[in-house]
Each structure stands twice: as structure tokens, then as C-alpha cells.
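This report describes the fold, the core and several selected residues of the chain shown below. It is intended to be read alongside the coordinates.

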Amino acid sequence: MPKILVIEDEAAIRRVLVKILSEENESYKVEEAEDGLQGIEKVKNEDYDLILCDIKMPKMDGVEVLEAVKKNKTRNSNGDDFWSW
Ligand SMILES: [Mg+2]
């Protein structure tokens with residue numbers, strides 16, 4: 001079951017992305033985080049096949065999240081994708 005994480009600070013946008021992805025394929029397991037810190041915590045505990053991450057967010061921007069995730073993922077080489085907008 002492909003696991004997708006959506007990191008987006010705006011609730012309305014996050015909700016739409018989760019809805020679109022969930023409806024795209026019912027085998028997708030879609031999770032969400034409302035900021036970078038919450039997203040990184042999730043990444044530490046779960047292997048995601050895809051992470052969709054906003055760039056402009058409070059606390060930690062998307063580039064900082066990417067750097068942290070890459071550091072965290074150096075131990076495994078499952079080719080996680082990281083998309084940003
Ligand atoms: Mg945003």
C-alpha cells in the first residue's frame with residue numbers, strides 16, 4: 001500500500017490534496033502534517049513512498065524540511081521522492 005505524506009500549513013489546501021490523493025486510488029494511504037516539524041516527526045516513524053511538501057510555511061520552510069528528511073533518510077536507500085511547490 002503506497003504511503004503518501006502531505007505537509008501543508010493551510011488546512012483548506014491540505015484537505016483538498018488529501019481528498020484528491022485518497023480518491024485517486026483507494027490503495028493509497030494518505031497522511032497529513034500541518035507544519036514541517038510535525039512532518040519530520042512522521043517521517044522518523046514511517047517510511048513514505050511520496051512526500052508532498054509546501055515551501056512557504058511557518059516554523060520551518062519546505063527546503064529545511066527537505067534537508068532534515070534527507071539527513072534522516074541517509075540510512076535507507078529506498079529512493080523516497082520529495083516534491084515541493
Ligand atoms: Mg501553505
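Helices (H or I, at least four residues) and strands (E, at least two) are taken here as DSSP runs, numbered from the N terminus. On that basis the secondary structure of the chain comes to three helices and four strands, and from the N terminus on the order of the elements is β-α-β-α-β-α-β.

The model is a predicted one: local features need pLDDT of at least 70, side-chain atom pairs count only at pLDDT 80 or more, and totals for chains, interfaces and linings use all residues. Residue numbers start from 1 along each chain as its sequence is written.

**Confidence**

The predictor's confidence in each residue is expressed as pLDDT, from 0 to 100. The chain averages a pLDDT of 87, and 84% of the residues score at least 70. Among the elements, strand 2 (residues 29-33) has the highest mean pLDDT, 97, whereas strand 4 (residues 81-84) has the lowest, 53. Where pLDDT is low, the predicted coordinates should not be read in detail.

Two strands are said to pair if DSSP finds at least two bridges between them. Strand 1 (3-7) pairs with strand 2 in the parallel sense over five bridges, and with strand 3 in the parallel sense over four bridges. Within these pairings, Val6 stands opposite Glu32 in strand 2, and the bridge partner of Ile7 in strand 3 is Cys53.

Strand 1, helix 1 and strand 2 make a right-handed β-α-β unit; a crossover is right-handed if, with the strands pointing away from the viewer, the path from the first strand over the helix to the second runs clockwise.

**Burial and the nonpolar core**

A residue is buried if 20 or more other C-beta atoms lie within 10 Å of its own, exposed if 12 or fewer, and partly exposed in between, with C-beta atoms placed from the backbone. Buried residues make up 22% of the 85 residues in the chain. Strand 1 is mostly covered, since four of its five residues are buried. Of the 14 residues of helix 1, by contrast, the number buried is zero, so helix 1 lies largely in the open.

The length of helix 1 (residues 11-24) can also be checked. The expected span of a helix is 1.5 Å times one less than its number of residues; for helix 1 this gives 20 Å, and its end C-alpha atoms are 20 Å apart, which agrees.

A nonpolar core is a set of buried Ala, Val, Leu, Ile, Met, Phe, Trp, Tyr and Cys residues joined through C-beta atoms within 7 Å. The largest such core has 13 residues, of which Ile4, Leu5, Val6, Ile7 and Ile51 touch the most other members. Strand 1, strand 2, strand 3 and helix 3 (62-72) each give two or more residues to this core, and its largest share, four residues, comes from strand 1. In soluble globular proteins, nonpolar side chains tend to be buried together.

**Contacts and selected residues**

Two residues are in contact if their C-beta atoms, placed from the backbone, lie within 7 Å. Among contacts between residues at least 6 apart in sequence, 63% join residues at least 24 apart. Leaving aside neighbours within four places in sequence, Val6 is in contact with Arg14, Leu17, Val18, Val30, Glu32 and Leu52.

Leu52 lies in strand 3 (residues 50-53) and counts as buried because 22 C-beta neighbours fall inside 10 Å. Glu34, in the loop between strand 2 and helix 2 (36-45), is partly exposed, with 17 other C-beta atoms within 10 Å. Glu34 touches Asp9 and Arg14, not counting residues up to four places away in sequence. Ala68 belongs to helix 3 and is partly exposed, with 17 other C-beta atoms within 10 Å.

| Pair | Separation in sequence | C-alpha to C-alpha distance |
|---|---|---|
| Leu52 and Leu5 | 47 residues | 6.2 Å |
| Glu34 and Ile7 | 27 residues | 5.9 Å |
| Ala68 and Val43 | 25 residues | 9.8 Å |

A backbone feature remains to be noted. Most residues other than glycine have a negative phi. Lys59 has a positive phi of about 70 degrees although it is not a glycine. Lys59 is placed in the loop between strand 3 and helix 3 and is exposed, with 12 other C-beta atoms within 10 Å.
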